[in-house]
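Work through the exercises below with the sequence and the model side by side. Each task is followed by a solution in steps.

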Amino acid sequence: MEKAILAGGCFWGMQDLFRRQPGVISTRVGYAGGDVPNATYRNHGTHAEAIEVVFDPEQTSYRDVLEFFFRIHDPTTLNRQGNDIGMSYRSAIFYADEEQRRVAEETIADVDSAGRWPGKVVTEVAPAGDFWEAEPEHQDYLEHYPNGYTCHFVRPDWVLPQRTEAPAGG
């Protein structure tokens with residue numbers, strides 16, 4: 001199993017959409033990328049609301065996880081998703097190792113070059129530090145409150161074109 005830690009606005013909506021993806025084993029919401037130890041909903045300092053996605057790499061790749069991430073949130077709005085404004089709602093990829101960092105940077109470059117969004121991607125790419133799990137009432141929130149707030153949705157026509165590799169030696 002592998003993990004991806006992603007921030008793209010309110011964690012409720014991201015969790016609700018990611019849990020349904022093929023190859024996703026589990027999800028949990030929490031706080032990542034900030035300065036407060038033992039972050040909580042009421043005290044998370046500069047942390048972003050984030051989601052931890054555990055996935056089976058034999059069923060889906062890290063690249064596929066990131067492509068879905070860019071399909072469900074707007075990566076061009078700095079510190080904002082929908083009506084949610086502030087550092088807590090920034091777009092970020094918190095990588096576990098150099099391979100995840102490389103894939104994240106390549107995917108961002110591909111998203112930018114594909115021109116699917118009206119502006120440049122502002123998604124932060126940073127090493128994964130501590131992930132502070134959110135309180136129980138925030139886990140699976142939209143399953144408990146199906147009419148609850150979310151600013152995330154799958155954009156059905158948004159598909160990142162496959163990259164073409166340069167021929168070897170050329």
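The model used here is predicted.

**Exercise 1.** Decide for each face of E3 whether its residues are buried or exposed.

Solution. 
- Step 1. In a regular strand, side chains alternate between the two faces of the sheet.
- Step 2. One side of E3 carries Ala 48, Ala 50, Glu 52 and Val 54; the other carries Glu 49, Ile 51, Val 53 and Phe 55.
- Step 3. All of these are buried, and both faces are therefore covered, buried meaning under 20% relative accessible area. The count for E3 is eight of eight residues buried.

**Exercise 2.** Locate the largest nonpolar core and name the element that gives the most to it.

Solution. 
- Step 1. This core has 25 residues, and those with the most contacts inside it are Leu 6, Phe 18, Phe 70 and Ile 93.
- Step 2. At least two core residues come from each of E1 (2-8), H1 (11-18), E3 (48-55), H2 (62-72) and H3 (98-114). H2 gives the most, seven residues.

**Exercise 3.** Describe the lining of the largest pocket.

Solution. 
- Step 1. The pocket holds about 210 Å³ of space.
- Step 2. Of its 13 lining residues, Gln 21, Asp 64, Val 65, Glu 67 and Phe 68 lie nearest the centre.
- Step 3. Sorted by type, the lining has eight nonpolar, two polar and three charged residues. H2 supplies the largest share, five residues.

**Exercise 4.** Explain why Thr 107 counts as buried, and list what Thr 107 touches.

Solution. 
- Step 1. Thr 107 is found in helix H3.
- Step 2. Thr 107 counts as buried because its relative accessibility is 0%.
- Step 3. Beyond residues up to four places away in sequence, Thr 107 touches Arg 63, Leu 66, Phe 70 and Leu 160.
- Step 4. Arg 63 is 44 residues from Thr 107 along the chain, with 7.2 Å between their C-alpha atoms.

Terms used:
Residues numbered from 1 in each chain as written. Predicted model: local features only at pLDDT ≥ 70, side-chain atom pairs only at ≥ 80, totals over all residues. Heavy atoms only, no water. Core = buried A, V, L, I, M, F, W, Y, C linked by side-chain atoms within 4.5 Å. Buried < 20%, exposed > 50% of the residue type's maximum accessible area, 1.4 Å probe, protein only. Helix = DSSP H or I, 4+ residues; strand = E, 2+ residues; numbered from the N terminus. 1 Å grid on protein atoms, 1.4 Å probe; cavity = no way out; pocket = protein on both sides within 12 Å on 5 of 7 lines; lining within 4 Å. Points joined across faces, edges and corners; volume = space filled by probe spheres on them. Nonpolar A, V, L, I, M, F, W, Y, C, P; charged D, E, K, R; others polar. Contact = heavy atoms within 4.5 Å.
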